[in-house]
Number of protein chains: 2
Amino acid sequence: MIRCPKCQQVDAVTKAGIVRGKQRYFCKTCAAHFTLADTAPPAARSRHQVTIVDIARELGISKSTVSRALRGQSDIHPGTREAVMELAQQLDYQPNLLAYGLVKSQSNMVGMIVPEFRHYFFPEVIIGAQEVLQAAGYNLMICQSNESYQTEVANVKALMSSRVDGLLVSITSQTNNVEHFRALEKKGIPLVFFNRICPELDTHRVVVDDYAGAFRAVQHLIDQGYRRIAHIAGPPSLLVSRLRQQAYLDALEQAGIPFDPELLISYDLTDEKARIYARYLLDLPQPPEAIFAVNDPTAIQVILAAKARGICIPDELAVVGFSDDPISAIIEPGLTTVAQPVYEMGRTAARLFLETVGTQTAPTTRVLQTELIVRGSSSRKI
Amino acid sequence: MIRCPKCQQVDAVTKAGIVRGKQRYFCKTCAAHFTLADTAPPAARSRHQVTIVDIARELGISKSTVSRALRGQSDIHPGTREAVMELAQQLDYQPNLLAYGLVKSQSNMVGMIVPEFRHYFFPEVIIGAQEVLQAAGYNLMICQSNESYQTEVANVKALMSSRVDGLLVSITSQTNNVEHFRALEKKGIPLVFFNRICPELDTHRVVVDDYAGAFRAVQHLIDQGYRRIAHIAGPPSLLVSRLRQQAYLDALEQAGIPFDPELLISYDLTDEKARIYARYLLDLPQPPEAIFAVNDPTAIQVILAAKARGICIPDELAVVGFSDDPISAIIEPGLTTVAQPVYEMGRTAARLFLETVGTQTAPTTRVLQTELIVRGSSSRKI
DNA sequence: CTGTTAGCGCTTTCAC
DNA sequence: GTGAAAGCGCTAACAG
């Protein structure tokens with residue numbers, strides 16, 4: 001029932017052809033033509049974003065038609081499509097993703113949970129992931145768990161509430177209980193772990209050959225003639241820590257070097273603790289000749305502590321890290337480190353999600369390769 | 001019209017009291033009791049997330065009541081509330097933010113657009129902003145414009161489509177046209193610029209006292225006895241660049257040092273170009289005695305270039321940067337720099353958004369203070 | 001205290 | 001080709 005904008009009558013109104021894409025009406029009482037645009041409410045509120053209904057009303061067509069035209073569906077009159085497109089452009093129409101998501105029950109967002117992003121590693125992963133995801137029409141929602149299990153659970157909940165289509169996560173060092181991830185699996189939400197994976201969960205994973213990389217690193221120290229080699233490990237709760245530590249132990253054993261428990265330290269990966277343990281090792285009655293650190297931030301703290309004590313690197317102490325943080329090339333001497341393709345790890349995790357979504361793929365593990373970069377901290381020849 | 005699950009009849013059904021929070025019905029034909037849960041469809045699809053309707057059906061109450069209970073509204077029977085809460089917990093119910101956003105026309109998300117996040121600065125801002133926002137119940141959606149105007153426009157569109165409640169942005173160096181931001185203003189979407197602001201837009205801003213900080217930096221170089229001082233500036237399109245550059249010029253003039261145009265270079269802030277211009281300056285027939293760089297990444301490239309040429313810092317060349325990137329304290333010699341409260345900048349931008357949203361506040365500019373940190377790159381006394 | 005109804009903006013049958 | 005109607009999950013009047 002169309003109401004005449006002038007006399008407010010309904011019964012006297014009849015259709016009167018289409019002019020410039022708009023349905024016109026005629027009121028027999030007023031003897032005047034009008035379009036639906038004329039019946040529109042006076043001046044929409046400024047907060048109101050333009051919708052397909054606005055376009056439809058203005059053009060005197062149905063919102064279904066507008067919707068179809070906007071999505072470039074085939075069964076649409078070219079003229080109509082053009083009119084819709086033009087008006088949409090003119091009105092700066094932006095589709096409402098919330099509404100879209102509600103009906104399609106997908107949000108075009110993927111969530112990412114990382115323990116921190118102060119250091120080089122995670123931001124770089126994010127860059128890689130975001131690139132791939134954005135190209136595929138997805139947006140990334142990033143959360144920091146701050147190494148807190150509680151926060152991680154809260155993050156998962158928040159991302160679930162936002163109905164993300166998938167999750168890329170690197171767990172905290174405190175994550176013992178993984179029920180919050182199991183819940184995702186049950187709901188069929190693609191889950192990709194990277195770097196810090198959950199061994200007890202059979203999901204997609206992206207890792208590097210941590211064991212091999214670490215083994216090569218320690219091997220390199222041994223080759224350089226160092227025998228008393230310490231290891232500052234990450235928390236044993238993380239698989240990466242355990243793998244790198246095991247590689248350390250195995251490399252020593254293979255070289256026939258007896259393991260000295262005094263030289264193995266596990267810690268929580270905070271910068272303050274790194275400083276403390278670095279000093280502790282250097283102050284040992286019989287200090288190590290070399291230190292293999294679980295990651296570059298740790299190794300850098302070791303170098304700084306050694307320099308503060310006037311210890312000469314690499315003559316009195318060799319240092320090796322893991323990841324090839326850009327600082328490794330800047331600090332003096334340069335830090336020998338096990339480079340991992342961080343950016344590629346982000347891209348791979350994103351791609352794994354993309355492959356999974358829709359077609360339920362079986363859990364896949366992608367292993368990327370590392371490479372030992374030898375710099376001055378472990379070799380005089382550089 | 002309630003249908004009996006047994007005989008499929010409608011007319012023979014009557015209400016029969018409430019048992020354990022659930023509305024019970026009685027079918028006169030079958031002479032049997034049942035609840036609405038019994039009439040539920042067989043096994044919901046696994047992809048189906050639990051909704052308030054599921055809870056309502058299970059409990060035999062209306063979804064409005066569930067909605068009210070969940071939100072802890074007052075006019076709710078304690079027993080009902082408890083039953084709802086318990087079932088929600090048990091079913092791992094997560095409210096659908098898309099639906100919520102649709103009806104409230106707010107998404108509880110705020111967008112952030114930064115030119116990059118490879119260096120220290122922007123990730124640190126993000127950390128600060130996210131902390132404040134998360135505490136207020138908002139999620140952050142981060143986009144990188146990669147210094148591309150096109151990408152920035154696309155980012156704005158994408159965030160608008162996601163119906164973010166506000167935007168925190170640092171523009172690209174190529175942003176000349178600001179119509180995409182004007183459109184936001186028109187729609188009444190809170191917009192906060194930080195660090196790289198848009199002078200032509202009258203919005204909220206968070207900046208540091210760039211001019212004062214830069215002036216102090218150059219003044220410091222002059223005080224240390226350096227006279228031939230170069231400046232590697234950022235692109236003139238950015239206000240920060242222009243301010244720091246003007247401070248450089250003014251400090252020279254105030255000290256009566258004639259300005260040598262050969263010693264002023266503007267560049268696009270990419271690492272490669274930084275390297276190139278650093279070498280260029282060092283290779284001048286009459287090279288500068290000191291270089292004030294627009295930011296720390298630039299200054300670090302200068303130090304690396306100088307070291308590669310065997311130039312002694314600070315004896316033959318002094319270097320000063322801007323921002324106090326952590327690398328500044330690690331590189332040798334330590335980089336003198338103008339520290340700015342980066343983390344605080346993120347927090348402030350977020351707070352400004354929070355203050356604005358709802359109550360339309362007049363455009364505010366918050367100016368944070370900088371502090372000169374003197375290290376070895378500009379002073380022998382350190 | 002609780003249920004009913006309408007509607008947020010969009011897609012998707014099902015008709016014509 | 002196009003329109004009408006239903007529905008995604010939720011909140012918000014408006015009745016009782």
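A polar backbone atom of B:I52 lies 2.6 Å from a phosphate oxygen of DNA strand D, a polar contact being a pair of N or O atoms within 3.5 Å. This is a predicted model, in which local features need pLDDT of at least 70, side-chain atom pairs count only at pLDDT 80 or more, and totals for chains, interfaces and linings use all residues. Residues are numbered from 1 along each chain as its sequence is written, chains are lettered from A and ligands numbered from 1 in the order in which they are written, and side-chain values use heavy atoms, with hydrogens and water left out.

| Residue | Atom of DNA strand D | Distance |
|---|---|---|
| B:I52 | phosphate oxygen | 2.6 Å |
| A:V103 | base oxygen | 3.4 Å |
| B:A99 | base nitrogen | 3.4 Å |

Of the 25 residues around DNA strand D (a heavy atom within 4 Å), A:T65, B:I52, B:K63, B:S67 and B:Y93 come nearest. Sugar or phosphate accounts for 63% of the atoms of DNA strand D within 4 Å of the protein, and bases for the rest.

The cysteines form zero disulfides over all chains, a disulfide being a pair of cysteine sulfur atoms within 2.5 Å. For A:C143, the nearest cysteine sulfur is that of B:C143, 15 Å away. A:C143 is buried, at 0% relative accessible area, where buried means under 20%, exposed over 50% and partly exposed in between (1.4 Å probe, protein chains only). A:C312 is partly exposed, at 31%; its sulfur is too far for a bond, because the closest cysteine sulfur, in B:C312, is 19 Å away.

Definitions and conventions: Polar contact = N/O pair within 3.5 Å; in protein donor to acceptor, adjacent residues only side chain to side chain.
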